[in-house]
Amino acid sequence: GLRGWAALAVVIFHFTIEMWSHRYPSFRSFLPSLIGNGQLAVAIFFALSGYVLTIRRWGRTDNPPLYLALLRRYLRLTIPILAAAFVFYLVMVLGLTPTHQASRIIDSREWLGRIADFDPAIIDMLGFAFARVYWFSLKHNYGPFLWTMVIELWFSLLVLTLSQFWQLKRSPYVVMLLVTAVFLYYFPQAACFTMGAIMAKLQVDGLILTKEPGKIESIVATLAVIAAFIAASFFHLPTEQMSIRSAGKLWPIAICGMVLVCAALRSRPVTAFLLTPFSQALGHLSFPVFLMHGIIAAT
């Protein structure tokens, strides 16, 4: 459910702040940032991935072979990416991507104007879907919002490896904390991936999330969710130069994202909301929504 709402926030961010704020400064305000905090959503994605990938692996000696776990992760990401990239290729071939004309209208040449700004080729598209999407490919991009897949694949490799061979080290905490510290400085949102894995390890070790939250803990956790959400929205407020992408503003958002994920697990009202049928349905559709909204932006 949390992943679903995060995906919706990314869509809102791209179709409000990212698309219109250059022409209409009113979009650089608190309310759009509150409901469309794309940077917070990405932090949540990574934290959830690190947590979910390792929660059933820490402390076990019967994990499947590492190569099989990595292959499954690669295929689980690549198959839907390939489908989305093929659709993107088709709309480009059919001439349904007037991004250059649209970018002049909304003064977004540096964002919308760079989407679908090349001649499509089927081999090029296949190369993107199978390999280049997992590197910072800025040219011939058949998925303009898929830069997150770089982190999803390579940090999956990191945490799956650590959770596979944890018994060979005294503690994997040191490695994950070092990686987290480095990436909080250079690429703050990526640090949420290892923070999610740390949270899973702490839970498996019986240090956190060992029992159902009490009433007071639930109230505190609910307030923490609200506080993290509001604080991240203030940090998310873009300037005229969209300086939100600077690491100086992203690391507080990353911390807020991790706090929000942890607190959501201990808040009864938030948990109940995320377990509603709509939230669950949104969660199941989160990856397709994330993949396909770039195609909608291009058309």
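Biologist: Which helix does serine 103 lie in, and which backbone oxygen lies 2.7 Å from a polar atom of its side chain?

Modeller: Bear in mind that this is a predicted model. Serine 103 belongs to helix α6, and at 2% relative accessibility it counts as buried, because the cut-off is under 20%. Leaving aside neighbours within four places in sequence, serine 103 touches Ser108, Arg109, Leu112 and Gly113. The side chain has a polar atom 2.7 Å from a backbone oxygen, and that oxygen belongs to histidine 100.

Biologist: Where does serine 49 lie, and how far is its C-alpha atom from that of phenylalanine 155?

Modeller: Serine 49 is part of helix α4, residues 38-54, and it counts as buried because its relative accessibility is 5%. Leaving aside neighbours within four places in sequence, serine 49 is in contact with Arg3, Arg73, Glu152 and Phe193. Phenylalanine 155 is 106 residues away along the chain, yet the two C-alpha atoms are separated by 9.2 Å.

Biologist: At what angle do helix α8 and helix α10 pack?

Modeller: Two packed helices are described by the angle between their axes and the distance between the axes, so both values belong in the answer. Helix α8 covers residues 148-164 and helix α10 covers residues 188-204. Their axes are 10 Å apart, and the angle is about 35°.

Biologist: In which hand does α8 pass α10, and how do the residues of their contact divide into nonpolar, polar and charged?

Modeller: The crossing of α8 past α10 is right-handed. From α8 the contact takes Ile151, Glu152, Phe155, Ser156, Leu158 and Val159, and from α10 it takes Ala190, Phe193, Thr194 and Ala197. Sorted by type, the residues of the contact come out as seven nonpolar, two polar and one charged.

Biologist: Which residues of helix α7 are buried, and what do they pack against?

Modeller: In helix α7, residues 122-130, the buried residues are Asp124, Met125, Phe128 and Ala129. They cover an arc of only 130° around the axis, so they lie on the same side of α7. What these buried residues pack against is α5 (66-93).

Biologist: What is the phi of alanine 116, and where does this residue lie?

Modeller: Alanine 116 is buried, because its relative accessible area is 9%. Its place is the loop between α6 (99-105) and α7. The phi of alanine 116 is positive, near 55°.

Biologist: And leucine 209: how accessible is it, and what is its phi?

Modeller: Leucine 209 is found in the loop between α10 and α11 (215-236). Its relative accessibility is 22%, so leucine 209 counts as partly exposed. Although leucine 209 is not a glycine, its phi is positive, at about 55°.

Notes:
Residues numbered from 1 in each chain as written. Predicted model: local features only at pLDDT ≥ 70, side-chain atom pairs only at ≥ 80, totals over all residues. Heavy atoms only, no water. Axes fitted to C-alpha atoms, helices over the stretch in contact; angles between N-to-C directions. Helix = DSSP H or I, 4+ residues; strand = E, 2+ residues; numbered from the N terminus. Left-handed = near helix turned anticlockwise from the far one by under 90°. Contact = heavy atoms within 4.5 Å. Nonpolar A, V, L, I, M, F, W, Y, C, P; charged D, E, K, R; others polar. Buried < 20%, exposed > 50% of the residue type's maximum accessible area, 1.4 Å probe, protein only. Arc of directions from axis to C-beta. Polar contact = N/O pair within 3.5 Å; in protein donor to acceptor, adjacent residues only side chain to side chain.
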